[in-house]
Structure formats: C-alpha cells, structure tokens
Amino acid sequence: MLIQTLTPATRTPLLALARRIADAGCNLSDARVSTIGADTSLTLLASGAWDAVAKLETALTKLAREEELRLTHYRTSLREPSGHLLPYLVEVVSSDRPGILVKIVDFFSRHDISVEQLSSMRYQAMQTGAAMFQAQFTIGVPDKLHIAALRDDFLEFCDGLNLDAIMDPVKF
C-alpha cells in the first residue's frame, strides 16, 4: 500500500504512521521523507498479507480523520525489476534561471531515459550571493544506449546551457 501525506514540518506523522503500519501487521518496505519550505512530505510503502493491508486501510482512514491529515493511500504492487536499465547519477549546478529543470528532464525524456529520483533546490552562493540551482538525479539508462555517446550528448547539452554537470554510474 502506498501512503502519502503533506503536513506542517512541526506535525510530521512519521512515527504515528510507522506505528499504525506495524500494529496492522504490515512491514514498512520503503520510506521517503522530505521537508520543503515549512511542510513535510512523507511517502511510505507498506506491505503485508491481504488482511493486514485491510486492517491498515481502516487505521489510516481513522488516523487521517483524528489528526486532520492530508493523507492519501491506495493499494499498489511492487515494481517489476527492470534489468535493462542501468542506474546513473547526474548532478547539475548552475546559476538559477527559469526553465532549467524542464530542459534537463526534456533531454532525458527525448532519450527514453527514466528519472528514478530527483532532488533539486535553489540557493544563494555564500561567496557571491548569486542565485544558484542544484539538482541531483538518479536515472535509468537503457542498456542499449551507448553510454559514452550519451554522456557526450548530455555534457554538450549542458555546455550549451552553461550548466556544470557530471554523469557517473551508481556504484552501490
């Protein structure tokens, strides 16, 4: 079961949700917690027998009502392993300007590369105060793509946009 919440950072329901998952007889298979601005986003994946998942559904509905949470949950299935996708880490840093992220995601999309994870932020450079952009992607590169050619195309693309970037295989 996939569970998502959005709450003020001061009221994060991580512990309450983890307890409900365990009390229902389910396992917390995967968890992502992210604080953005003044809010926290939780994405949890719980797994268990059908009766445990049904019990969890009831507990989540009750928890959302009692705690006034913005909570969404639904039954999902595990993702099928994709042995033909090679995991690569991409990091990009540049001066901040509108549309950078869209252009990078579009590049990957045009090459049939899946974005598996993405984290990006805007910040001010400590030394100069310049508005900066930073993004870190984990991508799935189809094993039929020629890696050296892809890397060259990506770095040329980044050079054209004045982006500093690296693309390396995930090593774990």
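This is a predicted model: local features need pLDDT of at least 70, side-chain atom pairs count only at pLDDT 80 or more; totals for chains, interfaces and linings use all residues.
Helix α3 spans residues 100–110, and its buried members are Ile100, Ile104, Phe107 and Phe108. Viewed along the axis of α3, these buried residues fall within an arc of 95 degrees, so they line one face of the helix. The elements that cover the buried residues of α3 include the strands β5 (85–95), β6 and β7 (131–142), together with helix α4 (147–160). After α3 comes aspartate 112, which has a positive phi, near 55 degrees.

Aspartate 106 and arginine 110 are joined through their side chains by a salt bridge, with an N to O distance of 3.0 Å. The two residues are four apart in helix α3, and therefore about one helical turn separates them.

## Other salt bridges

The structure contains five salt bridges. Side chains of opposite charge can pair when their charged atoms come close. One of the five links glutamate 57 to arginine 75, with the closest N and O atoms 2.9 Å apart. Glutamate 57 belongs to helix α2 (residues 50–67) and arginine 75 to the loop between β4 (70–74) and β5, so this pair ties together parts that are 18 residues apart in sequence. Both partners are partly exposed: glutamate 57 has a relative accessible area of 24%, and arginine 75 has a relative accessibility of 48%.

A further salt bridge is formed by the side chains of aspartate 30 and arginine 32, at 3.1 Å from N to O. Aspartate 30 is partly exposed at 32% relative accessibility, and arginine 32 is likewise partly exposed, at 42%.

## A nonpolar surface patch

Val105, Val115 and Leu118 make up a nonpolar patch on the surface, and their accessible area together is about 200 Å². Leucine 118 is located in strand β6, which covers residues 114–124. With a relative accessibility of 42%, leucine 118 counts as partly exposed. Strand β6 is also among the elements that cover the buried residues of α3.

## Surroundings of threonine 5

Threonine 5 lies in strand β1, which runs through residues 2–8. Its relative accessible area is 2%, and because buried means under 20%, threonine 5 falls in the buried class. When neighbours within four places in sequence are set aside, the contacts of threonine 5 are Pro13, Leu17, Thr40, Ser41, Leu42, Arg70 and Leu71. Of these contacts, Arg70 and Leu71 are located in strand β4 (70–74).

## Cysteines

No disulfides are present in the structure. Cysteine 26 is buried, with a relative accessibility of 7%. Cysteine 158 is buried as well, at 1% relative accessibility, and its position falls in helix α4 (147–160).

Methods: Residues are numbered from 1 along each chain as its sequence is written. Side-chain values use heavy atoms; hydrogens and water are left out. A disulfide is a pair of cysteine sulfur atoms within 2.5 Å. Buried means under 20% relative accessible area, exposed over 50%, partly exposed in between (1.4 Å probe, protein chains only). Patches are made of residues with over 30% relative accessible area and no salt bridge: like charges are joined within 9 Å, nonpolar side chains (Val, Leu, Ile, Met, Phe, Trp, Tyr) within 5 Å. Accessible areas come from the Shrake-Rupley method with a 1.4 Å probe; for residues, only the protein chains shown count as cover. A salt bridge is a side-chain nitrogen of Lys or Arg within 4 Å of a carboxyl oxygen of Asp or Glu. The arc is that of the directions from the helix axis to the C-beta atoms. Contact means heavy atoms within 4.5 Å.
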